[in-house]
Amino acid sequence: MSAAIINDEEEMAIKSGPQYLLFYIHATLFALRAEYISEIVELPKVTKVPWMQKCLKGVCNIRGSVIGVLDIAKYLMDADLSLSEKSALVILLIEFEGIKHRVGIIVDAVREVEVFESHELQETPQFGLPFPVKYIESMAHYHGEYVPVLSLENVVDIEALSLREVIDG
Amino acid sequence: MSEELHYFNEDAQEQLQMMESALLDAMDKGVNDEYIGTIFRAMHTIKGVAGMFSFEEIISFTHIAENLMDAVRNGKIVLDEALLMLLLRCKDHVASLVESAVASTSLGVQTQDEDTKLKELIHSYLSAPAQDRQNAVPIQTQQTQQVDGAKVWHLHLLLKESFFDTGMDLLAILSYLKKLGTVRSIEAELDKLPLLVDIDPFIPYMSFSIDFESDADEADIVEVFEFVEDDIVLKLQVLEQTQLKLEEPKEATQEAIQEVPKNVEKQPNIEIKKQTPSQSLRVDSAKIDLLIDTISEMVIANAKIARYVEQNYDADLEEVSLELETLLETLRNNVMQIRMLPVGESFEKFRRVVNDVAHKLGKKINFTILGGDTELDKTVIEKIADPLVHMLRNAVDHGIEMPDKRLEAGKSEIGNVELRAYPESGSIVIEIEDDGKGLSKDFLMAKAISKGLIAHDTHMSEMQAYQLIFAPGFSTAEVISDISGRGVGMDVVKKNIEALKGDVELSSVVGHGSRFTIRLPLTLAIIDGFLFEVGATRYIIPLDMISEVVEFDTKHQIQMDKSNLFDLRGTLLPLLDVKEFYHEKSRDANARKNIIIVKYANQKMGMLVDELYGENQTVIKPLGRLFKNAPGLYGASILGSGEIALIFDIPALFEIVNLEKE
Amino acid sequence: MKLQWDTLSIATAESLHEALLPLLQSKEEVVELDLENVNKLDLSAVQLFLSLQKSLTAQNRKLSLSNCTNSVLAAFELCGCLKQLGCSYE
């Protein structure tokens, strides 16, 4: 038991680089810089706010604060949300117009926090990915796979998201 | 900015504001002792406080200005119109000195020039031979007047070695003391004074015994020595009391500290002197915000208890919870009250603006402020100032005519501009009214057409036409006048007001004047709300915007073209179907429906909703930047269950509905 | 001796002290200080005059302040030394 801990510590000591949160959206693994993340909570009840875009699910109560809930699967993979017991809300801290905003994104499950050194990150291929390239910052090498690292500014574009839904007819 | 520096800044601003008010009052109503005292004290206080920070420029300037005011106080210089104007400049100059001291930047060339110029001007006053001293306005007035309860105080004043380091002149302090009453005798004690060969000229050796008759209380007298309190030893005793002698003969030499309260008790008629420092405390407004946040959380927590009580039928706990609710409401109101300030103080600052503009344009203006004691949240007061200044400038510049034109039109040559504030159903209304030339619908429309804002053949109601003035691109005048045209249009004014959840409208009668009406919400944090449900979502409306609630009956609904109307006891009102408006799905089509009649700014409308839940103490939380464009919503509130309810922005809703009508 | 300062304050206290000291060595029975030029003075100056007076008294001599301006007289009065310094309003 103690050996395992030592191994882990050694691994952490060897690896010095930024931490990333790994999580699933629709069975696809994504990574996001941990420094943007303020907390991860169980998905609370969401109250719909009318006239907003479909990906904006509404607002929820996180310990007395009202926080917007975003379904990024909607535009990342053009898929509908599939909620399960493992669904979680990852609260992000985003600086916009000089103020830090808290926004929650719904994920299907959280995997772990991992350190990636710069040599483990590769440039995003310009085509061939199942989602729009602008949302991906880089690709991380992880257990023999490539995991897309999300670009926070593009995934949570507050200005674009706050525009009203265009209602036809 | 350090806390001390912050307080210095606030203190200085406050003193300068008082000085300006006194100067303007003196211009309007004539000079009196009180105004002179205020102006003197402003310079004196700023000098004293600046001394603690060694702000040399401020000290040197205020020192000279103080000397000038001292000469005025002593009747050596007459405070005439020209000198009042000079003092206004001095006030402005000190403001820039304070600004650069606080920002720790060096003085700009202009400020330095002004410094030199003003100092020269003041010196010319100070060194001018005391002309017409006989004719001078007798400024010293009734200082020896006896007031009921006047006492004879015995002061013993010992100067510490450090006294001369303060830079304060004891003689100035003593002459200030004289303002509070009559010095019966003053005796210098010279026992400790060394011979000239032994004396250190930088150390004071004298102490003073002063018998002083005054109705001032101890605090007043101690305050005189405020700036040197660390460098003196002051002893105060009441020697005799002119009124109480018969009743209290044995008290003759008792210490004043014990004497004063007794005295006050026995003589309720004692006039409280103006100089008494008011019992106030400066608190950083962020601390109050924190307090309000905490109370908000407590309100939510108590709502949870109430919910638990309801589910578990716990009568004892219910009683406690209800008591807590009452206490929290009291607490909330008290804390909110701290944030509320009368608008008058802020409004006073505008007199200067109006005066300056009128002066520059050669117009004559009688500026009136009404309802200065109307209270408004401090933040709102601060943010509304700029829009108001702009509108007042406009009123003087574009509204009021030149004196000759006014006479031609059969009006008095003095134009009237009135600024007033009053509360109205949960809002505060601020109005700016002038009796100038007014604006016609045709003029506004013609201008809007020429600017390409509306089409040639647009038809508009009078009210719509007046709103054109707030359209972007409308009020940027062709000739940018020095006064109003600073690149800011009325559209910016409207935007600023809307950012405060308020609105503004214009009404006008050609030849008789114009009136701007601004409505602002009273507070920003907690409101009494009314909770109800539409579809699956809960909503809240501020209670004081609801005029009544009625059960919905289809036979009262009237469909006309596209708009929905309903008949409320013979009055037709627009009806907003919230479900349809927000594309909500119906939970139960057969559920009972209700109509909430909301009112705002002389308008009424009905809102079709589902279930009603009743009153709710609503803590307003922002929805966040993502929902900035959510139509008709003000914010959100967290209910006792932890669920979120959305708060309607009724003024915005009226606007949306009015737009849809067009 | 005629004093040349317009304003006597703590800033001039040292030089005034130095200017007054030689008077202790002079011969005349009444030392006269002409204050015609002095328009303003503060306690540090008053104190030096009083100390001079005290020193002269010890020598059985006298101090006389002449041509005092009104503001100087007012200052003396304010600190209770008008009589002590042998001055009065005309």
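Modeller: Helix axes are lines fitted to C-alpha atoms over the stretch in contact, and angles run from 0 to 180 degrees between N-to-C directions. The structure above is a predicted model.

Biologist: What describes two packed helices?

Modeller: Two packed helices are described by the angle between their axes and the distance between the axes. In chain B, helix α1 (residues 3-29) packs with helix α11 (residues 344-361) at about 55°, the axes being 9 Å apart. α1(B) is therefore oblique to α11(B), and their crossing is left-handed.

Biologist: Which residues make the contact of α1(B) with α11(B)?

Modeller: From α1(B) come Gln17(B), Glu20(B), Ser21(B) and Leu24(B), while α11(B) supplies Glu348(B), Lys349(B), Arg351(B), Arg352(B) and Asn355(B). By class, this contact has five charged, three polar and one nonpolar residue.

Biologist: At what angle do helices α12 and α16 of chain B cross?

Modeller: Helix α12 (residues 378-399) of chain B crosses helix α16 (residues 490-499) of chain B at roughly 155°, and their axes come within 9 Å. Angles over 145 degrees count as roughly antiparallel, so α12(B) is roughly antiparallel to α16(B). The crossing is left-handed. Among the residues in contact are His390(B) and Met391(B) of α12(B) and Val493(B) and Ile497(B) of α16(B). The contact has four nonpolar, two polar and two charged residues.

Biologist: Where is confidence lowest in chain A?

Modeller: Where pLDDT is low, the predicted coordinates should not be read in detail. In chain A, confidence is lowest in helix α1 (residues 2-14), at a mean of 47, and highest in strand β2 (residues 28-33), at 92.

Conventions. Residues are numbered from 1 along each chain as its sequence is written. Chains are lettered from A and ligands numbered from 1 in the order in which they are written. This is a predicted model: local features need pLDDT of at least 70, side-chain atom pairs count only at pLDDT 80 or more; totals for chains, interfaces and linings use all residues. pLDDT is the predictor's confidence in each residue, from 0 to 100. Helices (H or I, at least four residues) and strands (E, at least two) are DSSP runs, numbered from the N terminus. Angles under 35 degrees count as roughly parallel, over 145 as roughly antiparallel, 65 to 115 as roughly perpendicular and the rest as oblique. A crossing is left-handed if the near helix is turned anticlockwise from the far one by less than a right angle, and right-handed if clockwise. Two residues are in contact if their C-beta atoms, placed from the backbone, lie within 7 Å. Ala, Val, Leu, Ile, Met, Phe, Trp, Tyr, Cys and Pro count as nonpolar, Asp, Glu, Lys and Arg as charged, and the others, Gly among them, as polar.
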